[in-house]
Amino acid sequence: MAAAAEPRARAWLGGGSPRSGSPARSPELGGRGRARAGAGPGPGAGGSLPPSGHSFRKATLTKPTFCHLCSDFIWGLAGFLCDVCNFMSHEKCLKHVKTPCASVAPSLVRVPVAHCFGPRGLYKRKFCAVCRKGLEAPALRCEVCELHVHPECVPFACSDCRQCHHDGHRDHDAQHHHWREGNLPSGARCEVCRKTCGSSDVLAGVRCEWCGVQAHSVCSAALAPECTFGRLHTLVLPPACVRLLSRNFSKMHCFRISESAVPEPGDEDDGVDGSTPAGLGREAPESSKLTLKIFDGNDALQRNHFRIISIPRLARSEEVLEAALRAYYVLEDPRDFELQPVPAPVPAGDSGARGRPRGSGAAEEEGGRGPEAWIVRAMPHAQELLRIYPAWLKVGVAYVSIRVTPQSTARTVVLEVLPLLGRQAEGPEGFQLVEVLMGSRQVQRTVLQDAEPLLARLRDIRQTSLRQMSQTRFYVAENRVVAPHVSLFVGGLPPGLSAQEYASLLDEAVATKAGLVSVSRVYSSQGAVVLDVACFAEAERLYMLVRDTAVHGRPLMALVLPDVLHSKLPPDCCPLLVFVNPKSGGLKGRDLLCSFRKLLNPHQVFELTNGGPLPGCLASGCWCAEGTAPWAGCSLPWRRCGPAWPARSPPWPSCRWAQVGPARESGMGPGGAGGGGSVSSCPCPGNDLGRVLRWGAGYSGEDPLSVLVSVDEADAVLMDRWTILLDAHEAGGGETSVADVEPPKIVQMSNYCGIGIDAELSLDFHQAREEEPGKFTSRFHNKGVYVRVGLQKISHARGLHKEIRLQVEQQEVELPSIEGLIFINIPSWGSGADLWGSDSDSRFEKPRMDDGLLEVVGVTGVMHMGQVQGGLRSGIRIAQGSYFRVTLLKATPVQVDGEPWVQAPGHMIISAAGPKVHMLRKTKQKPRKAGAPKDARTDGVPAPEGDPK
């Protein structure tokens, strides 16, 4: 067996630019008039392709066209077009092209990382990263990086997403730039030459998806390969600090991204329904073109996934074969492949037709009529050339090439490769051969058995799919014994149980294995546990099974929790934890969720509707236990557990926490309980806490990057926290039901608590939104619903002062004639109204949100509330204090920080809740100096995309 080694290099898509002798050098693909990479200028060579692997030909231009390298207009009638990926270039730019062709891009990926494609949407002025054409119809976008693709191009997208964590198999090297081509703003400036590098006409320019540096693809080679995370380096959680032993878990699972109910990308785009245009496969009288369906293997044939090509009516078989290979982005030597006709369906009763093939392998049949479908097959060879990559071994080559014969097995390949990698002194028993399928949606790894015949396996892969073969790699990896450890968060369980009861309940529901699964942490008030699983297969089984299981009528949820390595955090790094409610603010939270995942590490961004804030606290290393302060309106208790930490060494040192569009008006966070963090409430419409902290009246499309910069520059202020004890005396009732006593429960409050008419309006709005959430996408519509429900209650009078009793500091307070009683902690209520008023009163102190006092205000009805919001009146000042006891004589609507419900008769006790919480207040904007340079990342981050509809 002959073997050859290639020098080490960084792949263009995974790190720096390709250089001579790296895997970016395409192997010789053959001549026959087409330029082939690696073929020198000697006899029989049809020219040379650039190292990028493009197959350029001179094309006549019939419409205005721009160069994909320099983004300038191509003057004249001729340009150079790549037959495979549609890359267009000036003749003068050909020698500078470094952007890899889609046919060789998978081979240049340094570390294969799958993408997370969200639902389809309309992305204006964006271009597909595979075929380089504009996205006119609904397309797909990765939720973690800026990859945009057509649905039919998804199977051909290489797995080059951002690497946001490591899997424990190696120590992370220095962080390198992760370049993504194109889709830059038209005014983007190159970091090197300071000229415009963005374009709204073509896919041009590159941008680092970590630090936001933008440059021409040629200029990017002049930049240092190391990435510093740019302006947000103090907020970003470095990938080297996150460990997640996920094995075959998809990234959608690892990043807790909700999977939509849309079909898999590519499932219905290549003819999965079997329908074909009229006359497909037969020449049209008015056309000289012939249209054919091409399959690339048995898998595509079984799924009916095909590509459509158009060829001249008199095309030769070689030309048809080359067109078929280009349709699947395969640039290997066409002489190694053949076209076979796909047998037609056999009509019932036509037994003589069984086994009779259609066609003889040429593009034309007798009578000049071609078959409707063809399949591309690889020609069998006695031996094949195979690249073997050294995984994370510290060696001086990127890969080695060996010849595989029928006698080659996984063990013999390892024996042959080790000397080429300089590891001949080590025994082969310490290494294994790993097959990696680099799919665009999931990267799958399979350890091959020692006796596995390699040549037969390669043939099977090619028979299954030619595209799959181009996306398959073989690695020689150390045979380390990695102790499997996966932490699974399971929520949706009945609250109030013990660890043993939760273990029994899960064993009954999903049949957990006692020797492999243990309950490590219990959060009974939230009905959640954390499972430690010591087997990858068992963790995957439990994850999929839990998500399809319901306990006591409630569906369970499962999340994979990463491990944060706090000891590896840089000294100046203060990672930001972001909680987003996608339902808040006219459903703008969904766009912000995607934007923050791309600006930060996705492991820092959590969706409140997917498990609440508890998974984020666990993932960040903040231990939670029962009996202390809650957060985000969901009885989340906080407490530092274990040995005392040094004053400056919390889990995330001096960590800043941000909550975006809170589920309720709460802005509480661990800073109050642990004293080491601060909270910022970035507003969506209706967020009163955001107004008080200067974040604005509502989100109106601000640049998410500027929001993060403002969080980084914000000042820390203190705010009181309050605990509400709900002790219902009578619940239920009715003639046929038995009266029960509800157990006391604790609710946390930070902004305000309302009893009566304002809570009733909030409850009606909440129920309307739950019934039809799709209609509540506009703040104007939301306000309109509030006005409508308010008008319905305008003549409502229940005499709230007769149904409740109020004690302040153990003193009974006589209530005036009111319909609503409101306890306020911040000077903003009802979307910015000053309910307390600005008039001075000698009976009360001037209100502050950190004075340890609550203000009690009454309203006489809907009309009074409207006058308060219009600034015409203020509320009725009743009391001010730090301890309150409210007695409800009837079932009464109650709302705390915007979360309404109907409270049964009983007592409500409101008191201060421990130490004050540190909040982040936005600093006042400083006037911008004329001519001041704008941060490159501000130019490179687009505003959130609109709703696909």
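Both Glu209 and Arg180 are buried (buried means under 20% relative accessible area, exposed over 50%, and partly exposed in between, with a 1.4 Å probe and protein chains only). They also form a salt bridge, with the closest N and O atoms 3.6 Å apart; the term stands for a side-chain nitrogen of Lys or Arg within 4 Å of a carboxyl oxygen of Asp or Glu. This is a predicted model, where local features need pLDDT of at least 70 and side-chain atom pairs count only at pLDDT 80 or more, while totals for chains, interfaces and linings use all residues. Residues are numbered from 1 along each chain as its sequence is written, and side-chain values use heavy atoms, leaving out hydrogens and water.

**Salt bridges**

- Side chains of opposite charge can pair when their charged atoms come close.
- The count of salt bridges by this rule comes to 30.
- Glu146 and Lys598 are both buried.
- Asp720 and Lys916 form another salt bridge, with the closest N and O atoms 2.6 Å apart.
- That pair links distant parts of the chain, 196 residues apart: Asp720 is in the loop between strand S31 (715-719) and strand S32 (722-728), and Lys916 is in the loop between strand S43 (906-912) and strand S44 (917-921).
- Asp720 has a relative accessible area of 3%, so it is buried, whereas Lys916 counts as partly exposed because its relative accessibility is 32%.

- Strand S27 (residues 576-580) is mostly covered, with five of its five residues buried.
- In a regular strand the side chains alternate between the two faces of the sheet.
- Here Leu576, Val578 and Val580 lie on one side of S27 and Leu577 and Phe579 on the other, and all are buried, so both faces are covered.
- S27 runs parallel to strand S28 (residues 605-607), and three bridges join them; two strands pair if DSSP finds at least two bridges between them.
- Glu607 in S28 stands opposite Val580.

Terms used
Helix = DSSP H or I, 4+ residues; strand = E, 2+ residues; numbered from the N terminus.
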